[in-house]
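Colleague: I would like to learn how to read a model like this one. Take me through it feature by feature.

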Amino acid sequence: MCYDYIAFGDKVKSLEFGIKANQVAEKSKNDRLKTFAKAMLALTYLTMGDFEKAVSYNKAAIEAASTYETDIISVCTVNDMGTIYLAMGKIDSALIYTQKSYELSLKSGITYWLADTYLQFGSIHAAMKNSSLALNYWNLALEEAKRIRSPKFTSTAYNAIAQYYYSTNQTDSAKIYATKAITSVKNTAFYTLNVEPAKLLL
């Protein structure tokens with residue numbers, strides 16, 4: 001519920017359910033549940049702009065995940081740490097954790113989040129003004145998203161490319177990719193991802 005409300009942009013509800021989930025996880029003394037609950041709280045605080053709490057809860061999630069065999073949430077929490085540091089403008093730290101997530105994915109064979117990891121590499125290189133590398137990673141993200149048939153990651157990748165072209169005044173390309181971003185989530189549960197590319201088109 002916490003994660004769903006994050007996706008729908010309801011920060012109050014996501015925090016409410018995130019706190020409840022964390023309380024249940026703590027009582028259970030189950031490290032897998034602790035990892036998941038703290039990772040969700042970290043993402044909630046990230047959406048609220050509270051970076052200090054986002055870092056704190058995500059580090060706690062990674063610590064809990066270190067006590068058991070790597071699973072999909074373990075990989076996700078390492079990737080999320082890169083996301084948090086990128087949002088904070090700490091590019092070096094973002095790159096370190098994104099690279100760790102990539103290596104963990106390959107080592108464990110858990111590759112579901114690779115599309116998101118490639119997206120993040122793209123955003124990091126865009127922030128570092130490495131435009132060609134950024135586009136290469138976003139295209140890798142797009143290929144991976146299509147491979148796993150994820151409308152969410154497909155739309156996010158198209159949007160990232162659209163935003164890049166818009167920022168470089170390549171408006172025709174920006175329009176094409178923004179439209180693709182919207183089309184990718186049409187009639188899906190991820191239709192709220194329409195907002196950013198729609199704003200760009202507007």
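Modeller: Start with a helix pair. Contact means heavy atoms within 4.5 Å. In this predicted model, A115, D116 and L119 of α7 meet F153, T156, A157 and A160 of α9. Helices here are DSSP runs (H or I, at least four residues; strands are E, at least two), numbered from the N terminus.

Colleague: What kinds of residue make up the contact of α7 with α9?

Modeller: Five are nonpolar, one is polar and one is charged. Ala, Val, Leu, Ile, Met, Phe, Trp, Tyr, Cys and Pro count as nonpolar; Asp, Glu, Lys and Arg as charged; the others, Gly among them, as polar.

Colleague: At what angle do α7 and α9 pack?

Modeller: Axes are lines fitted to C-alpha atoms, for helices over the stretch in contact, and angles run from 0 to 180 degrees between N-to-C directions. For α7 and α9 the angle is about 10°, and the axes lie 10 Å apart. So α7 is roughly parallel to α9. The classes are: under 35 degrees roughly parallel, over 145 roughly antiparallel, 65 to 115 roughly perpendicular, the rest oblique.

Colleague: What ground rules apply to these values?

Modeller: Residues are numbered from 1 along each chain as its sequence is written, and side-chain values use heavy atoms, with hydrogens and water left out. The model is predicted: local features need pLDDT of at least 70, side-chain atom pairs count only at pLDDT 80 or more, and totals for chains, interfaces and linings use all residues.

Colleague: Where in the chain is confidence lowest, and where highest?

Modeller: pLDDT is the predictor's confidence in each residue, from 0 to 100. The chain mean is 94, and 100% of its residues reach 70 or more. Helix α1 (residues 2-7) is lowest, at a mean of 87; helix α4 (residues 51-65) is highest, at 97.

Colleague: Which residues touch the most other members of the largest nonpolar core?

Modeller: A nonpolar core is a set of buried Ala, Val, Leu, Ile, Met, Phe, Trp, Tyr and Cys residues joined through side-chain atoms within 4.5 Å. Buried means under 20% relative accessible area, exposed over 50%, partly exposed in between (1.4 Å probe, protein chains only). The largest core here has 28 residues, and L119, L135, W138, F153, I161, Y165 and Y177 touch the most other members. α5 (72-87), α7 (114-127), α8 (131-147), α9 (151-167) and α10 (171-184) each supply at least two of its residues. The largest share, eight residues, comes from α9. Apart from this core lies another, of 21 residues, including C2, A39, L46 and V78.

Colleague: What does W138 touch?

Modeller: Beyond its neighbours within four places in sequence, W138 contacts Y118, L119, G122, S123, A126, A157, A160, I161 and Y164.

Colleague: Are S74 and S105 buried or exposed?

Modeller: S74, in helix α5, is buried at 5% relative accessible area. S105, in helix α6 (residues 91-108), is buried too, at 0%. With residues up to four places away left out, S74 touches A65, Y68, E69 and L104.

Colleague: How should I read backbone phi?

Modeller: Most residues other than glycine have a negative phi. K29 has a positive one, near 60°. K29 sits in the loop between α2 (11-28) and α3 (31-47), and is exposed at 69%. R149 also has a positive phi, near 55°. R149 lies in the loop between α8 and α9, exposed at 76%.
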